[in-house]
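Visitor: Could you take me through this model, beginning with the ligand and then turning to how the helices pack?

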Amino acid sequence: MTGIKRRDWLRQTSLAAAAFGTIPLAGFRELEKSTNNRTKDDSVVRLLFNENPYGPSKNVLDRIDQVKARSHRYATFYEYDFLKLKSLIASQEGVEPENIALGHGSIQPLIWTAILYGGQGKEMLVPEPAFDVVGTYARKMGTTVKPVRVDANYRINLKAIEAQVTSSTDLVVLINPLNPTATSVPTEDLKAFCNNVSKTCPVCIDEAYVHYLGEDWPKRSMAQLIKDNPNIIVTRTFSKIFGMAGQRMGFIMGSKEFIQRIESDFMMGFPGNMPNSIGVAAAMAALEDRDFLNQSRARNGEMRQFVYNELNRIGWEYAASDANFVYFNTGDFAKFKSKMNANKILIAGGWPAMKDWGRVTIGNEKELETFFRVLKQ
Ligand SMILES: Cc1ncc(COP(=O)(O)O)c(C=O)c1O
């Protein structure tokens, strides 16, 4: 390995250390080929961040080509104005544009939520284990963050969380499907939970992976509660099924008052606080492209079955996945991770509550074949 390549590799590994669907198959292979041809660094297998290996869609790429020359302007007063993106999201979600604030990915709005509800003397309930942006940030602000362990099926334990809600609870954070376990809770249970708990405190539902639940995902989203319930907050991202992680586009939905507060406290009318102009135009193309969503979900389903088959063959325990990643018991995560990293495969795991479990992104066929070849060595 040359010095530079080695440095790059070390940088990748330390980044990793710091982080925490039907279309005929042949059609998808073509899609896969065209996307992978754009990847310069094929030697690293990235199964770490739950990105969509098939994205962005051709429509998104065409839109980017169409608008890139205008990126000297902020995302305003243009065909793909950020207000138009809000209107498009609103029409698809059954809410008003005033119920939506756009963010740089969903991490940014999740941090805003942590700032609004967290701080010294404040209390939050979060699932555990969880890739939990709100709780992680809130803890840094001195918030008392109480983790509530998942149930025996690795699902968010709604009953146990509800039992812990008191008048001192400032926020309950849910992630559905949950990262890292990839499990989801039944929609009716979740709705009942949100309706009950929101009488006491706000409930924030991070729906980064909701599109993987099935074509009926809009019925499974808690966005439907927002119109009538001021204590429900929902976040979404273009980073996952839309295949746009590098575009840094996401949004938060809540009552008009909540969104007004977000926009006045954190965006403050500064043009620089608008989302990136190419991202806005790309996000509009992504929302108009249902086929890509359905194809990505279908292909993810096929590759998820491949992961299950391989894990079943070697008898490793795993949680049934409702998302684009699988959580499984490695036996010794530190050892497993170093073997993977030594073979240039990036994966996640080691969350404190289940420290020997690992999380693998459901990548494409080639990536997963490499992963299992190394796993079995
Ligand atoms: C549950 C969950 N929420 C939020 C995010 C944040 O992603 P982004 O800021 O790209 O929207 C991630 C990314 O992995 C995630 O897994």
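Visitor: Which residues come nearest to the ligand?

Guide: This is a predicted model, in which local features need pLDDT of at least 70, side-chain atom pairs count only at pLDDT 80 or more, and totals for chains, interfaces and linings use all residues. Residues are numbered from 1 along each chain as its sequence is written. There are 15 residues around the ligand, a residue being near a molecule if its C-beta atom, placed from the backbone, lies within 6 Å of it. Of these, the ones that come nearest are Gly105, Ser106, Ile107, Thr237 and Ser239.

Visitor: How do the residues of the shell around the ligand divide by class?

Guide: Ala, Val, Leu, Ile, Met, Phe, Trp, Tyr, Cys and Pro count as nonpolar, Asp, Glu, Lys and Arg as charged, and the others, Gly among them, as polar. On that scheme the shell around the ligand divides into 7 nonpolar, 7 polar and 1 charged.

Visitor: How many residues of H5 are buried?

Guide: The chain has 14 helices and 12 strands, which are DSSP runs numbered from the N terminus (helices H or I, at least four residues; strands E, at least two). A residue is buried if 20 or more other C-beta atoms lie within 10 Å of its own, exposed if 12 or fewer, and partly exposed in between, with C-beta atoms placed from the backbone. In H5 the buried residues include Leu110, Ile111, Trp112 and Tyr117. The helix is mostly covered, and the number of its 11 residues that are buried is 9.

Visitor: Why are H5 and H6 described as oblique to each other?

Guide: Axes are lines fitted to C-alpha atoms, for helices over the stretch in contact, and angles run from 0 to 180 degrees between N-to-C directions. Angles under 35 degrees count as roughly parallel, over 145 as roughly antiparallel, 65 to 115 as roughly perpendicular and the rest as oblique. The axes of H5 (residues 107–117) and H6 (residues 133–140) come within 8 Å and cross at roughly 45°. The two helices are therefore oblique to each other.

Visitor: Which residues of H4 and H11 meet?

Guide: H4 (residues 82–93) and H11 (residues 277–287) pack at about 25° with their axes 9 Å apart, and are therefore roughly parallel to each other. Two residues are in contact if their C-beta atoms, placed from the backbone, lie within 7 Å. Phe82, Lys84, Leu85, Leu88, Ile89 and Gln92 in H4 meet, in H11, Val280, Ala283, Met284 and Leu287.

Visitor: What classes make up the contact of H12 with H14?

Guide: H12 (residues 290–314) and H14 (residues 365–375) pack at an angle of about 10°, their axes being 11 Å apart, and they are therefore roughly parallel to each other. Met303, Phe306, Val307 and Glu310 of H12 make the contact with Glu365, Leu368 and Phe372 of H14. By class, these residues divide into 5 nonpolar, no polar and 2 charged.

Visitor: Which residues does Thr187 touch, beyond those up to four places away in sequence?

Guide: Thr187 lies in H8 (residues 187–197) and is partly exposed, because 16 other C-beta atoms lie within 10 Å. Its C-alpha atom is separated by 8.2 Å from that of Lys219, 32 residues apart along the chain. Not counting residues up to four places away in sequence, Thr187 touches Lys219 and Arg220.
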